[in-house]
Amino acid sequence: MKNIFKLSVFILLLGTVSCDSEDYVVITPAVAPTLLSPETGFSIVLTEANANDVAIELNWDAAEYDGPQTVINYSVEIAKGGTNFAAPVTVTTTTQLTKSLTVGELNTALINGGFTLNEVNDIDIRVKSIIGKSGVAQNSKANTIKVTPYSAWPNWGLIGSATPNGWNDPDTNLEYDLSTKKYSYTGPLQVGEYKFRLDDKWATNYGDDGNNLSLEIGGANIPVTVAGDYTIIVDFTAKAYTITKN
């Protein structure tokens, strides 16, 4: 009777191990994808007027894996040239071997990646393949391209006798913060006046009629009574600003 019981337990354990073994699947990298285009040396200047046009046609050869075959996902990644993808930005993800990126899509990716706007950037670009629940990845070799992104938000600036350029063009540009949606300027101001205006033109400008930190379209010049370094933060949606002497 004891021998029958032991044999039953052994068969039960054997069945359990067998089921677990069937659920355990090994997938290993075999051949990494190869990025075919864009090739190293490709160059493009992005403009807002062409936001819906195709900027880049991405093409690559398929990756290969050893083990049970399943769907392979591909991610196109970019990074600042020469950084070895220390901080990669994913531009797009697909199961296909080709992808068209519009000017607007590429520009948004560059903004999110902290690339320098309105200047030529060296950008490393690669394709990453991922397969299976464990996320087994393979990276293609990177190509290096040159792209000039544009500012995707209104160009506001300061102008006036208190600003570095006085009442002369160009304005002193305000910096835009993507996270707060506010503009700012940190730097010197002289005793004098200033206003905010859009695109270096007088068609749209803001001043402060009551000098009470609220903005009015075409409002009065804003006075600066003490020279020094200041920080100005502007919310054009709320029509409000702050100015602080540093």
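Pro-38 sits in the loop between strand E2 (34–37) and strand E3 (43–45), and the peptide bond that joins Ser-37 to Pro-38 is cis, with omega about 5°. Strands here are DSSP runs of E with at least two residues, numbered from the N terminus. This is a predicted model, where local features need pLDDT of at least 70, side-chain atom pairs count only at pLDDT 80 or more, and totals for chains, interfaces and linings use all residues. Residues are numbered from 1 along each chain as its sequence is written, and side-chain values use heavy atoms, with hydrogens and water left out.

- Leu-213 has a positive phi, near 70°, despite being a residue other than glycine.
- You'll find Leu-213 in the loop between strand E17 (205–207) and strand E18 (216–217), where Leu-213 is partly exposed at 40% relative accessible area. The cut-offs, with a 1.4 Å probe and protein chains only, are under 20% for buried, over 50% for exposed, and partly exposed in between.
- Lys-239 is another non-glycine residue with positive phi, near 60°. Lys-239 belongs to the loop between E20 and E21 and is partly exposed, with a relative accessible area of 30%.

**The four-stranded sheet**

- Four strands make an open sheet in the order E14-E15-E20-E21, with antiparallel pairing (two strands pair if DSSP finds at least two bridges between them).
- Strand E14 (175–177) and strand E21 (240–245) are the edges: each has a single partner strand, so one side of each has no neighbour in the sheet.
- On average, neighbouring strands of this sheet are turned by 25° against each other, direction ignored; the axes are lines fitted to C-alpha atoms, and angles run from 0 to 180 degrees between N-to-C directions.
- E15 (residues 182–189) and E20 (residues 228–235) run antiparallel and are joined by seven bridges. Gly-187 has Tyr-230 of E20 as its bridge partner.

**Glu-77**

- Glu-77 is part of strand E6 (residues 73–80) and is buried, at 5% relative accessible area.
- The Glu-77 side chain makes polar contacts with the side chains of Arg-126 (2.8 Å) and Lys-128 (3.5 Å). A polar contact is a pair of N or O atoms within 3.5 Å; within protein, one must be able to donate a hydrogen and the other to accept it, and residues adjacent in sequence count only if both atoms are side-chain atoms.
- Leaving aside neighbours within four places in sequence, Glu-77 is in contact (heavy atoms within 4.5 Å) with residues including Phe-85, Pro-88, Val-89 and Asp-124.
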